[in-house]
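Biologist: Let us go through this one by question and answer. Please bring it up first.

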Amino acid sequence: MSELVSLGIVAQTGLIAHGRGEAFDYLIGERTQPPASKAEEAAAALLLEAKAPVVTINGNAAALAARELVQLADLVGAKVEVNLFHRSDERVRKVCDFVERESGRKVLGRSQDAILPGIASDRARCTKEGIMSADVVLIPLEDGDRAEALVKAGKKVIAIDLNPLSRTALAANITVVDELTRAVIGIVGAVDMLRGDPAARKKILSNYDNRGCLDDMMGIMRSNLGEGSAGHNRDVRC
Ligand code: PTJ
């Protein structure tokens, strides 16, 4: 990760965001918890039901799972768009190059020709072909303003965010509170399972309760904190 900061793929603050993620991951026991599996299933169902899905990738997501996110996009027929929070033309080019090199697929985002309403800075920039035309957008590690703006723009939003209290987690329609690389594996597994079963997809989506999943993830964190050891390393005494 720090090597990718020096290459300009990951933003300086991306390292801090990564550390925040690690802290939350520790609180959930560094494994996919049942409410996260439910959210991963719902994410797969929604991506398969979508007419114009888009997977967005920022610096951190590129560093952690560029190839895997593009593979997921391919499986559900989604477009891939690089969309940065700490935006500069140079970083956009570098992250697009990096994702294309890692995945062997062309991505959107190099030339941005649309503005997502509700964001006052050039962070609002995106593409007509990608985010602006999407009905479902997967946002790994996204900031709250953009997540809220996507929901306001009528998109169904799937967030992957280890912090169940973040504005992104609260704004999204489906929030996967799991570490990005595990979450993508979980969603891909669910896509394989649900691909030929539209009835199961509809049932999963109509029964899905995002607020309930977030509350359950908070409960797991509280209980792990109560145990004092996040459910592992119990034999280690500091
Ligand atoms: O590359 P850029 O310029 O687009 O910037 C990307 C970052 C991530 C720096 C930017 O979007 C940002 O500052 O995001 P936030 O507001 O820090 O939100 C990132 C969220 O992702 C936080 O809630 C973290 O807890 C969470 N997170 C960090 N690492 C992981 C994670 N969630 C899942 N898996 C992770 N590995």
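Biologist: Which residue in strand 2 is the bridge partner of Ile-57?
Modeller: This is a predicted model, where local features need pLDDT of at least 70, side-chain atom pairs need 80 or more, and totals for chains, interfaces and linings use all residues. Numbering runs from 1 along each chain as its sequence is written, and side-chain values use heavy atoms, leaving out hydrogens and water. Strand 1 (residues 53-57) pairs with strand 2 (residues 79-82) in the parallel sense over 4 bridges; pairing takes at least two DSSP bridges, and strands (E, at least two residues) and helices (H or I, at least four) are DSSP runs numbered from the N terminus. In strand 2, Ile-57 is bridged to Val-82.

Biologist: Which helix does the chain pass through from strand 1 to strand 2?
Modeller: The β-α-β crossover is right-handed, that is, clockwise from first strand over helix to second with the strands pointing away from the viewer. The connecting element covers residues 59-76 and is helix 4.

Biologist: Which helix gives the most to the lining of the largest pocket?
Modeller: The largest pocket has a volume of about 740 Å³. On a 1 Å grid over protein atoms alone, a pocket is an open set with protein on both sides within 12 Å along at least five of seven lines, a cavity is a set where a 1.4 Å probe fits but cannot get out, and lining residues have an atom within 4 Å of a point; volume is the space filled by probe spheres on points joined across faces, edges and corners. Of its 34 lining residues, Ala-17, Arg-20, Asn-60, Leu-141 and Glu-142 are closest to the centre. With 9 residues, the top contributor is helix 2.

Biologist: Which residue has a side-chain N or O atom 2.3 Å from a ligand oxygen?
Modeller: Of 21 residues around the ligand, the nearest are Arg-20, Phe-85, His-86, Arg-91 and Asp-161. His-86 places a backbone N or O atom 2.7 Å from a ligand oxygen, and a polar backbone atom of Leu-162 is 3.2 Å from a ligand nitrogen. The side chain at 2.3 Å from a ligand oxygen belongs to Arg-20.

Biologist: What is the volume of the largest cavity?
Modeller: The structure holds 1 cavity of 30 Å³ or more. Lining residues include Thr-56, Asn-83, Glu-142 and Arg-146. Strand 4 (125-126) and helix 6 each supply at least two. The volume is about 40 Å³.

Technical notes:
Near = heavy atom within 4 Å. Polar contact = N/O pair within 3.5 Å; in protein donor to acceptor, adjacent residues only side chain to side chain.
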